[in-house]
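Subject: Structure for you to look at

Hello,

I am handing over the structure below, with notes on what was found in it. Please read them with the model open.

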Amino acid sequence: MMTQNSKSDVAATSTTRFLTGITTTGTPHLGNYVGSIRPSVQASLRSDVRSFYFLADYHALIKCDEPARIQQSTLEIAASWLAAGLDPERVTFYRQSDIPEIPELTWLLTCVTGKGVLNRAHAYKASVDKNEAAGNDPDADVTAGLFMYPVLMGADILLFKTHKVPVGRDQIQHIEMARDMAQRYNHLYGEHLVLPEAAIEESVALLPGLDGRKMSKSYDNTIPLFTPREQMRKLIAGIVTDSCAPGEPKETEGSALFQIYQAFASADETQALLKAYAEGIAWGDAKQLLFERIDREVAPMRERYHDLISDPAKIEATLQAGAQKARAEATPFMGELRRAVGLRNLATKPAAPSKGKSAKAAAPAFKQYREKDGRFYFKLQDADGKTLLQSQGFESPKDAALMIATLQKEGYAAFAALQGQKQLHTLPDVDAEDVQLALQFFTTSSS
Ligand code: TRP
């Protein structure tokens, strides 16, 4: 299912856009790998999907005030995703704080978000409830950052015209809020934002930790994904089991060891362990089996991880390239969103004062589309929807977006040069003056 609302939705007819962020506060553990990294890397290989993965370091500031930890975690998480096989050529992989359009959009969304809606956000409400239970001021130690968390997340999602957001159940409310923000913005300013949906992977395992509760940093029961081999063995030896002696049949139900094994093993391997449990395998032997099974999958990645982490400059360069790719789309789109709300070049004819639909019709706009030849095009339409100019076909939507960005920034001069190079052409009955007027609309500075 796709939700297509944006008037310049790049090639949305052929691909679904997936986007997900990873908060950079910790060291990735096996639970993150099974629940998020592995399924995301697999999804990114699908040809009908365009994936956006980013390091949510602005979100990290909400819960962490240790600069060194933020930096280290950003490095470790980036290296983990790359070591697990994420191909930055295939996907758009970037760091949130490299995209100034995200905080910029955050403000526009802040202005269409009800404060009462944010009052009800789970994370904020949990803090307030805790304070009230302790007899404290409801907002004691609550930052405005925590309160605004869903709006920043909405900007992450809406800036990239995301259709699907793969997240855990705890995040569904945030996706619904992003949808509401998009709806409200579109209602006021015209159809610009795509309404996103949460994509909950039912099949993805929730991994238990060493103590049997969900593996989570907050329970201090994790097994770091790339901990040294011998350390991994030791940690696995510490997984809680019951007191059944060797030779006694063992229950798989409720066995953390069994569940972790299942998350890594094939169906046949799982069957074999099931049988071994029934036949009374000793816990020590079961732990050894689990260690070997995990190590088989993790060892090759561990090597890549250590190579990556020892060369932070290379990871930095990868992220910079990702940011450039992301901004090729984000910058022109943010320009469109700014103009829609009235942050505009004053030299252009103001749109008729209006609410709702007509606001959109009153402004010139670039539209991107894909033709049957598989190539990516754009056209410029004036405020009445008349097409003024058309581009040549591009290999990738990014190239089209880059040219739009140039036209928006440099206006008529860029147009004349590109026309000279036959990269675009005007339609037969269009005057140069119409093009000039329309382009002027865009040349307002916007980051
Ligand atoms: N809030 C998410 C988490 O803690 C991380 C995140 C930030 C995110 N921005 C996002 C996830 C946008 C999906 C989409 O898990």
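The ligand is surrounded by 14 residues, the closest being Thr-23, His-59, Tyr-149, Asp-156 and Gln-171; a residue counts here if one of its heavy atoms lies within 4 Å of the ligand. This is a predicted model, in which local features need pLDDT of at least 70 and side-chain atom pairs count only at pLDDT 80 or more, while totals for chains, interfaces and linings use all residues. Residues are numbered from 1 along each chain as its sequence is written, and side-chain values use heavy atoms, with hydrogens and water left out.

A polar side-chain atom of Tyr-149 is 2.4 Å from a nitrogen atom of the ligand. The side chain of Asp-156 has an N or O atom 2.7 Å from a ligand nitrogen atom. For Thr-23, an N or O atom of the side chain lies 3.4 Å from an oxygen atom of the ligand.

Next, the domains. The domain assignment, which is automatic or from a database, lists domain 1 (16–206 + 311–341), domain 2 (226–309) and domain 3 (363–446). The centres of domain 1 and domain 2, taken over C-alpha atoms, are 33 Å apart. Domain 1 brings 16 residues to the contact and domain 2 brings 13, where contact means heavy atoms within 4.5 Å.

Between them, domain 1 and domain 2 bury about 1200 Å², with 64% of it on carbon and sulfur atoms. Buried area is the accessible area (1.4 Å probe) that two parts lose on being put together, summed over both. On the domain 1 side, Leu-30, Tyr-33 and Ala-83 lose the most area to domain 2, together 38% of what that side buries.

The interface of domain 1 and domain 2 has 1 salt bridge, meaning a side-chain nitrogen of Lys or Arg within 4 Å of a carboxyl oxygen of Asp or Glu. There are also 6 residue pairs in polar contact across this interface, both residues at pLDDT 80 or more. A polar contact is a pair of N or O atoms within 3.5 Å; within protein, one must be able to donate a hydrogen and the other to accept it, and residues adjacent in sequence count only if both atoms are side-chain atoms.

Elsewhere, the side chains of Gln-423 and Gln-392 make a polar contact at 2.8 Å.

Regards
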